Amino acid sequence: MGSTSAHPTATDAITALDVPVIDEDPYSRENLADPYPFMRRLRRAGPAAWLSMYGVPAFGRDAEVREILEDHRTFISGAGVGSVNIHHNPPLRKPGILEVDPPIHTRMRAAMDGVITPKRLRPRRKDFATYAKTVIDEVLSTEDGEFDAARLAEQFVLRVFGDAVGIPRSGRAENLLVQGAANFATFGPQNEIAQRWIADSAGTYDWVLDNCAREVLDPSGMGAQLWEFADSGDISPEEATLLVRALLSAGLDTTIFAITNTLHTLATHPEQYAKVHADPRLVRFAIDESFRFLSPFYAFYRTTSRDTVLSGVEIPAETKVLVFPGSANRDEERWGADADVYRFDRDSSGHLTFGMGIHQCVGQPISRMEMDALLSAFVTRVASLETAGVATHLVHTTLQSYASVPLRARAA
């Protein structure tokens, strides 16, 4: 395991005194499979720590992570959300909305906000609820009510969200899942784990871009609605394609993982499942607490645009900083001594899973609607939920979830 020590004077990227050094690898298979012990060590080291393996300052407490995410002028996204500064090393692919700053971000965000509105989303709730009943019927018809929560989440989100965006149904499962995982693999170091995800996605990027084109999209979907902003001149045609691609990331991968995480957590906390089954109105609180308790995001980068000081740490301009939102969501100073406990009677609404500031997840409303539709139907029709085998962690450098979660449901 790693160790901490006083910050060495030879390191010139941070000049503050007494900043501890952590010598372990947060991206080792062991830490990725169970990140919370490492994140606890990161928080206890101090408001910041130097990760010697990567030569970057890392932040795991709520106060500092929140400040970094809120201050988009000092901690910019336009230099890339991965470890490479794309201002100096341009990427092979055009950056999307996550890796641009104002004024480009402002224009692109306005188009997304114009499509993801309560008025436009509300009619889709019925389709979500109808398909939720279908997948739950399938669960309850299986022998002993056994199912895999990860597969259920994929099936549900690929159908309802894919239909909402308006991309063709054929090819979704084969292309969207691996392309999403490959995209998020660029947020961390390009180690063997990340390279495997990227290699597995060969050919899928072109499929996604081809199916974000205006002529392929269902005219009634959100993707086509984004193209209306290109027609009006608010965004360029190239930006319209990138925004449809971003929409797929905003409402697909992380929603699948959030549903998987929530079902796993409820199954391993039967007393909490009993509460939400007895009163399905508690579903939204169970979802928020799940976002806090098991954040689908592990870590990503920002870059300083100028010299700055954060919690006594002097950070020069052009420094990559690594933030751990999942760690901030377990910060005892923010959430109390029982931060590692799942209970949805707490107010979990301040979690950082969706980010903060101008880059806060634009797909949050539709992600919540998907989860609420499925889980409200689930807890109403399933009397009890329990594990039916050992859950297998998804080993990924940015995403935190499970590759497989065997569960057993008993009909109400």
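Mentor: Happy to! One term before we start: accessible areas here come from the Shrake-Rupley method with a 1.4 Å probe. On that basis, the surface of the chain in this predicted model comes to about 16,600 Å², and carbon and sulfur atoms account for 53% of that surface.

Now to the part you asked about. Strand 14 covers residues 406-411, and three bridges join it to strand 6, residues 146-148. These two strands run antiparallel. To find the pairing by eye, look for D148, which stands opposite P406 in strand 14.

Strand 14 has another partner in strand 11, residues 382-387. Five bridges link strands 11 and 14, again in an antiparallel arrangement. Here a handy landmark is S384, which stands opposite R410 in strand 14.

Now let us step back to the whole chain. Its secondary structure comes to 18 helices and 14 strands. The radius of gyration is 21 Å, close to the 22 Å that the globule rule gives for 412 residues, so the chain is as compact as a globular protein of that length. Along its principal axes, the C-alpha trace spans about 65 × 50 × 35 Å.

Contacts tell you about the fold too: among those between residues at least 6 apart in sequence, 73% join residues at least 24 apart. Of the 412 residues, 58% count as buried. As for charge, the chain has 41 positive and 54 negative side chains, and the centres of the two sets lie 6 Å apart.

Methods:
Residues numbered from 1 in each chain as written. Predicted model: local features only at pLDDT ≥ 70, side-chain atom pairs only at ≥ 80, totals over all residues. Heavy atoms only, no water. Helix = DSSP H or I, 4+ residues; strand = E, 2+ residues; numbered from the N terminus. Rg over C-alpha atoms; globule rule 2.2 N^0.38 Å. Buried < 20%, exposed > 50% of the residue type's maximum accessible area, 1.4 Å probe, protein only. Contact = heavy atoms within 4.5 Å. Lys, Arg positive; Asp, Glu negative; His and termini not counted. Charge placed at Lys NZ, Arg CZ, Asp CG, Glu CD. Pairing = 2+ DSSP bridges.
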